Amino acid sequence: MDAISVIRTKRDRGELTPEQIDWVIDAYTRGEVADEQMSALAMAILLNGMNRTEIARWTAAMIASGERMNFRALSRPTTDKHSTGGVGDKITLPLAPLVAACGAAVPQLSGRGLGHTGGTLDKLESIPGWRAHLSNAEMLDVLDTTGAVICAAGDGLAPADKKLYALRDVTGTVEAIPLIASSIMSKKIAEGTGALVLDVKVGSGAFMKTIEDARELASTMVALGTDSGVRTVALLTDMSTPLGLTAGNALEVRESVEVLAGGGPRDVVDLTLALAREMLDAAGLKDADPEKALADGSAMDVWRRMVSAQGGDPDAALPTAREQHIVTARSSGVLTRLDAYDVGVAAWRLGAGRARKEDSVQAGAGVELHAKPGDTVTEGQPLMTLHTDTPEKFDYALKALPEAYDIAPAGTSFAPLPVVRERIA
């Protein structure tokens, strides 16, 4: 078996055999297959696709590259959520402690930013002292004592995916449905959660731009989870507009804390509650009331314990960028479109994301929004504030924004898309 023959098979629209898949995943994990060869294969998969048999075998090979966890010793049922990534998608931060406050255990293994989308670990690392990397024993301890843990997948959990995840980010292959599905589900199945809710984003700021592609990805992942004995459901949620009013690491943590305190933007609250209800239902906790847990402060209590248990200081001031630039409305009227992708690219260019897998991110960089579609604005009014430590980045970020929004004449009717568009089970 050799890498070139595997690449050629998929390049020529052939079906990879189980033996080819097992070999290439194992060899890549061991370093026998080079990054440039796996990059070529990933691009061939993006262009030519995989059938269900190939995707299932690819996922199984990723799982087999490492260890499998289990949480049978916990007294609570386990339930988890995974988002396919979006702009301003900070939902994991309030969601994990909220679901834990309602009686479930939430082992949330999260990742870093991919392209223009933010990563949960990048956001949380803006909290002074907070640690993303925990041993399995530490993870179980935090989960047992607080009910929720958000951390990086350990080196032993689907190590093939850890290598491929970073490679996809910098080779233009993030959007490949087979690679998205196998990446997500290999980690989640190996993680050992009993139930899983998938938040599959659809729209300009998502990797799935159309509802048809989102359905295909969601259906593929639900089938992979169900076949592996994990209760799995997917929500297709809107990502045509950024979630909430912030896109950027520390900015999004601040907004998440507002949600846990009983405030925050309506779309963030609504999606957090919708996913919480699905997670609790899948865990068998149908009578739990997540809205009450937000209102009475119990979700905030879990957040503070969870952050502290991972070395963070929940009372510490969050980093702020040294420089700001205000973008103003070019006319008066009704804001009818605010493009999630363009805002995400601007945040990325300001330093909130990575161009290469080795890059660091700026904790305070990002975009703060002052209006959302449906709002009435006046000419010259601030629409968004750009934040960065490196002001020379402003010009590059601003180039992403000229076509980012539309303003219609005053009185124009506007009907926003619902936050949750479909449910797939």
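Analyst: Happy to! One definition to begin with: two strands pair if DSSP finds at least two bridges between them. Also keep in mind that this is a predicted model.

User: Which sheet do they sit in, and in what order?

Analyst: They belong to an open sheet of three strands, ordered β10-β8-β12, with antiparallel pairing. At its edges are β10 (376-377) and β12 (405-408), each pairing on one side only.

User: What about the sheet of four strands, what's the order there?

Analyst: That open sheet runs β6-β9-β11-β7, and the pairing is antiparallel. Since β6 (246-247) and β7 (323-328) are at the edges with a single partner strand each, one side of each has no neighbour in the sheet.

User: And how many bridges hold β9 and β11 together?

Analyst: Four bridges, with β9 (residues 366-369) and β11 (residues 382-388) pairing in the antiparallel sense. For example, E368 has T385 in β11 as its bridge partner.

User: Which helix lies across that sheet?

Analyst: Helix α15, residues 340-352, lies across β6, β9 and β11. Its direction is at about 135° to β9.

User: New topic: which residues have the most contacts inside the largest nonpolar core?

Analyst: V99, I127, W303, V367 and L386, in a core of 73 residues. Helix α12 (residues 266-282) gives the most to this core, eight residues. There is also a second, separate core of 64 residues, which includes I63, A105, I189 and M208. As background, nonpolar side chains tend to be buried together in soluble globular proteins.

User: What does W303 touch?

Analyst: If you skip residues up to four places away in sequence, W303 touches L93, P97, L124, I127, V253, V257 and L260.

User: Can we look at β2? How many of its residues are buried?

Analyst: Five of its five residues, 106-110, are buried. In a regular strand, side chains alternate between the two faces of the sheet. In β2, V106, Q108 and S110 are on one side and P107 and L109 on the other, and both faces are covered.

User: Which strand does β2 join, and is the pairing parallel or antiparallel?

Analyst: It is parallel: five bridges join β2 to β3, residues 148-152. The bridge partner of V106 in β3 is A148.

User: Now α7. Which of its residues are buried?

Analyst: In α7, residues 136-146, the buried ones are M139, V142, L143 and T146. Looking down the axis of α7, they fall within an arc of 100°, so they line one face of the helix.

User: What's on the face turned away from the buried side?

Analyst: That face of α7 carries the exposed residues A137 and D144.

User: And what covers the buried residues?

Analyst: The cover for α7 includes α5 (92-101), β2, β3 and α14 (298-309). After α7 comes G147, whose phi is positive, near 95°.

User: Quick one: where is T193, and is it buried or exposed?

Analyst: T193 is in the loop between α9 (177-191) and β4 (195-202). The cut-off for buried is under 20% relative accessible area, and T193 counts as buried because its relative accessibility is 4%. Its side chain reaches the backbone oxygen of A195 at 3.0 Å. Setting aside neighbours within four places in sequence, the contacts of T193 include F71, P107 and V230.

User: What about G203? Where does it lie?

Analyst: G203 lies in the loop between β4 and α10 (211-227), and at 8% relative accessibility G203 counts as buried. The C-alpha atoms of G203 and D238 are separated by 6.2 Å, though these residues are 35 residues apart along the chain.

User: Last one: is R30 buried or exposed?

Analyst: R30 counts as exposed, at 52% relative accessibility. This residue is in helix α2, residues 18-30, and the R30 side chain makes a polar contact with the side chain of D26 at 2.9 Å.

Definitions and conventions
Residues are numbered from 1 along each chain as its sequence is written. This is a predicted model: local features need pLDDT of at least 70, side-chain atom pairs count only at pLDDT 80 or more; totals for chains, interfaces and linings use all residues. Side-chain values use heavy atoms; hydrogens and water are left out. Helices (H or I, at least four residues) and strands (E, at least two) are DSSP runs, numbered from the N terminus. Contact means heavy atoms within 4.5 Å. Axes are lines fitted to C-alpha atoms, for helices over the stretch in contact, and angles run from 0 to 180 degrees between N-to-C directions. Buried means under 20% relative accessible area, exposed over 50%, partly exposed in between (1.4 Å probe, protein chains only). A nonpolar core is a set of buried Ala, Val, Leu, Ile, Met, Phe, Trp, Tyr and Cys residues joined through side-chain atoms within 4.5 Å. The arc is that of the directions from the helix axis to the C-beta atoms. A polar contact is a pair of N or O atoms within 3.5 Å; within protein, one must be able to donate a hydrogen and the other to accept it, and residues adjacent in sequence count only if both atoms are side-chain atoms.
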